[in-house]
Amino acid sequence: MNKPLVGAFLAALLLGAGVAPAVAAEPAGSASEVAAEAAPQTKYTAPAAKAVTFAGTVALSNCSGSVVRSPGAAPTDPALVLSNGHCMESGFPGPGEVVVDQPSSRTFTLLNASGSGVGTLRASKIAYGTMTDTDLSLYELTSTYQQIEDSYGIQALELETAHPTAGTAITVASGYWKRTYSCDIDGFVHQLKEGRWTWKDSVRYTPECRTIGGTSGSPVIDDATGKVVAVNNTGNESGQECTDNNPCEVDENGEVTVREGINYAQQTYNMVPCIGAGSTIDLTREGCALPKP
């Protein structure tokens, strides 16, 4: 996994010790501009995509995350924060374990477009969390979407409802490091195995996205739409096969492939059917296929 960090102080110590790439990185970077290619005058020219910024991302104590909403969310709904299951303060859930409605008072630093912290958000509970089939956590906040927008002028990132496609230009935006990584979706992995955990239909990045420890939980944003298509979670650090911090790919025939230095994310479109009225998590809704307790 893109290991969660104990804190910035520990990260600084690791940086001084020269540990790389799992936890060492310069906490700097900026969002890249994406422009649409000009089309012939006889054809419709799509507007240029907006540059991906840090607006709506959050920094956790050990990971990254983002304030997200489903397309049907109401302004008065309690806001949701998306991160990884392995970033939960309760520790890594075991294989087959699903956390639902667990009380939490965790805090998140909300970032603006330039990556500056503008306020603190607080959770009321872990609405959902697991490392089975996927690696995600959803925190319900004490603030509504409208309250966040009124207080900070920041809107939640919208969750994409459709399966992403290979070749899509994406940006991984880390609120922990205030750093972005730009690359493409290289493809999808039937099964991604790491230690005790197995994830399904994972997103594989092209090599340019060299995510590091602390980027866990970062939203993976479609550059063209600005919507969240996945949540960043792991990478193969040293070429080992299927061990902790060294996930391996397993295809439909059971063939194992190891890609040292390549990083991965878990898709999020499949979360949307599980978000019901009031932006509550309802695992009984039609079309919801997330693992259940």
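Modeller: Let us begin with the term disulfide, which stands for a pair of cysteine sulfur atoms within 2.5 Å. Please keep in mind that this is a predicted model.

Biologist: Why are cysteine 183 and cysteine 209 said to form a disulfide?

Modeller: The sulfur atoms of cysteine 183 and cysteine 209 are 2.1 Å apart, and the cut-off is 2.5 Å, so the pair counts as a disulfide. The torsion about the S-S bond is -100 degrees, and the link is left-handed. Distant parts of the chain are linked here, with cysteine 183 in strand β10 and cysteine 209 in the loop between β11 and β12, 26 residues apart. Both cysteine 183 and cysteine 209 are buried.

Biologist: How many disulfides does the structure hold, and what pattern do they follow along the chain?

Modeller: The structure holds 4 disulfides. With bonded cysteines counted along the chain, the pattern is 1-2, 3-4, 5-6, 7-8.

Biologist: What makes the disulfide of cysteine 63 and cysteine 87 left-handed or right-handed?

Modeller: The handedness follows from the torsion about the S-S bond, which is about -85 degrees for cysteine 63 and cysteine 87, so this disulfide is left-handed. The sulfur atoms of cysteine 63 and cysteine 87 are 2.1 Å apart. Cysteine 63 sits in the loop between β1 and β2 and cysteine 87 in the loop between β3 and β4, so that the pair links distant parts of the chain, 24 residues apart. Cysteine 63 and cysteine 87 are both buried.

Biologist: And what is the handedness of the disulfide between cysteine 242 and cysteine 248?

Modeller: For cysteine 242 and cysteine 248 the torsion is about 95 degrees, so the disulfide is right-handed. The S to S distance in this pair is 1.9 Å.

Biologist: Is cysteine 242 buried or partly exposed, and how do you know?

Modeller: Cysteine 242 has a relative accessible area of 22%, and buried would require a value under 20%, so cysteine 242 is called partly exposed. Cysteine 248, with a relative accessible area of 0%, is buried.

Biologist: Why is the pair of phenylalanine 92 and tryptophan 197 called edge-to-face?

Modeller: The structure holds 3 aromatic pairs. One of them is formed by phenylalanine 92 and tryptophan 197, with 5.8 Å from centre to centre and 70 degrees between the planes. Phenylalanine 92 lies in the loop between β3 and β4 and tryptophan 197 in strand β11, so the pair ties together parts that are 105 residues apart in sequence. Phenylalanine 92 is partly exposed at 38% relative accessible area, whereas tryptophan 197 is buried at 5%. Tyrosine 176 and tryptophan 177 also form an edge-to-face pair, at 5.2 Å centre to centre and 80 degrees between the planes, and both tyrosine 176 and tryptophan 177 are buried.

Biologist: What makes the contact of glutamate 158 with arginine 69 a salt bridge?

Modeller: The closest N and O atoms of glutamate 158 and arginine 69 are 3.2 Å apart, and the limit is 4 Å, so the contact counts as a salt bridge. The pair links distant parts of the chain, glutamate 158 in strand β8 and arginine 69 in strand β2, 89 residues apart. Glutamate 158 also meets lysine 227 in a salt bridge, at 3.7 Å from N to O. Lysine 227 lies in the loop between β12 and β13, 69 residues apart from glutamate 158. A search of the whole structure finds 9 salt bridges, and Asp186, Arg204, Glu249 and Arg259 are linked in a network of salt bridges.

Biologist: What is the phi of aspartate 101 and of serine 279?

Modeller: Most residues other than glycine have a negative phi. Aspartate 101, in strand β4, has a positive phi near 55 degrees. Serine 279 has a positive phi of about 55 degrees although it is not a glycine, and serine 279 is found in the segment after β16. Aspartate 101 is partly exposed at 43% relative accessible area, whereas serine 279 is buried at 2%.

Notes. Residues are numbered from 1 along each chain as its sequence is written. This is a predicted model: local features need pLDDT of at least 70, side-chain atom pairs count only at pLDDT 80 or more; totals for chains, interfaces and linings use all residues. Side-chain values use heavy atoms; hydrogens and water are left out. Helices (H or I, at least four residues) and strands (E, at least two) are DSSP runs, numbered from the N terminus. Buried means under 20% relative accessible area, exposed over 50%, partly exposed in between (1.4 Å probe, protein chains only). Rings of Phe, Tyr and Trp (its six-membered ring) pair if their centres lie within 6.5 Å; planes under 30 degrees apart count as stacked, over 60 as edge-to-face and the rest as tilted. A salt bridge is a side-chain nitrogen of Lys or Arg within 4 Å of a carboxyl oxygen of Asp or Glu.
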